[in-house]
Amino acid sequence: MSDARPGDPKPKRTAKPDPSSPGQAIKPEHIRRWGPIWSRRVGWVLAKVLWNTKVIGAHHVPRTGRVLIAANHTGIIDGPLLHGVIPRSSFIIIKEEIFKVFVIGFLMRWAGQIPVDRRNGRAALLTALTMLNEDRLVGVFPEGSRGSGDVKSTKAGIAWLAVRSGAPVVPVAILGTRPPGEKAGHVPGPRAKLHVVYGAPFVPADPEAGTGRAAVAEAMTVIQEKMSEHVRQASTSTGVPLHSATEI
């Protein structure tokens with residue numbers, strides 16, 4: 001009899017994970033729990049010294065216990081910027097292509113970050129779930145890649161993690177990393193004014209609804225709506241315009 005439960009991420013029909021794929025090969029024991037101790041400091045220097053980042057609403061992030069951070073993703077620097085200004089250690093799910101770049105990949109592993117194969121995210125999700133069950137904070141960019149920042153393409157992964165772990169979700173708007181008219185690979189200049197705005201935590205699904213597909217689908221809808229609303233309100237309150245491709 002299979003041990004799988006309804007709502008578990010389905011593996012692709014392959015005999016074994018591809019060992020050349022960091023995202024498919026990742027396991028919880030590979031994650032260096034002490035990695036954020038040093039990497040957060042690097043991120044903070046980038047956020048506060050190289051760039052001029054204003055952080056709003058950091059008090060919304062619970063200082064203990066399991067937490068999911070859900071952030072919009074428009075610019076190439078969003079990952080290290082977010083990692084540096086989260087007020088506690090974070091383990092962020094990052095596309096595996098970054099881990100294949102020799103020096104950067106080495107640093108990402110030592111920073112304790114989680115690679116994901118966007119074609120088959122099962123291993124990354126199970127690793128992230130283990131981290132949450134250890135009462136740690138996991139960061140996710142629901143768009144999956146640098147999009148327009150509208151969070152319309154919210155993936156089921158964060159919903160599955162929220163339902164399975166029972167962790168509250170804290171929405172985050174990252175603004176200014178890709179100004180209107182700039183391409184996705186844009187890197188802000190020194191002392192560029194950036195904003196990271198945290199929203200109030202919420203639980204996207206009724207704990208009594210179980211952990212099956214219906215609960216995940218409901219959580220996915222709630223997360224998408226809350227994220228879109230938060231990004232829009234943060235843009236309005238800060239006066240930072242969203243990229244022209246944004247559709248919310």
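Is aspartate 135 buried, partly exposed or exposed? Aspartate 135 is partly exposed, at a relative accessible area of 39%. Buried here means under 20% relative accessible area, exposed means over 50%, and partly exposed is in between, with a 1.4 Å probe and protein chains only.

Some ground rules. This is a predicted model, in which local features need pLDDT of at least 70 and side-chain atom pairs count only at pLDDT 80 or more, while totals for chains, interfaces and linings use all residues. Residues are numbered from 1 along each chain as its sequence is written, and side-chain values use heavy atoms, with hydrogens and water left out.

Back to aspartate 135. This residue is not a glycine, yet has a positive phi of about 65 degrees. It lies in the loop between helix 5 (122-133) and strand 5 (137-140). Helices (H or I, at least four residues) and strands (E, at least two) are DSSP runs, numbered from the N terminus.

Next, arginine 191, also not a glycine, with a positive phi of about 65 degrees. The loop between strand 6 (169-175) and strand 7 (193-198) holds arginine 191. Its relative accessibility is 46%, so it counts as partly exposed.

Last, a pair of helices. The axes of helix 6 (residues 156-165) and helix 7 (residues 213-238) come within 8 Å, crossing at roughly 115 degrees. Axes are lines fitted to C-alpha atoms, for helices over the stretch in contact, and angles run from 0 to 180 degrees between N-to-C directions. On the helix 6 side, the contact (heavy atoms within 4.5 Å) is made by Ala156, Ile158, Ala159, Trp160 and Val163. Helix 7 brings Ala215, Val216, Ala219, Met220 and Ile223.
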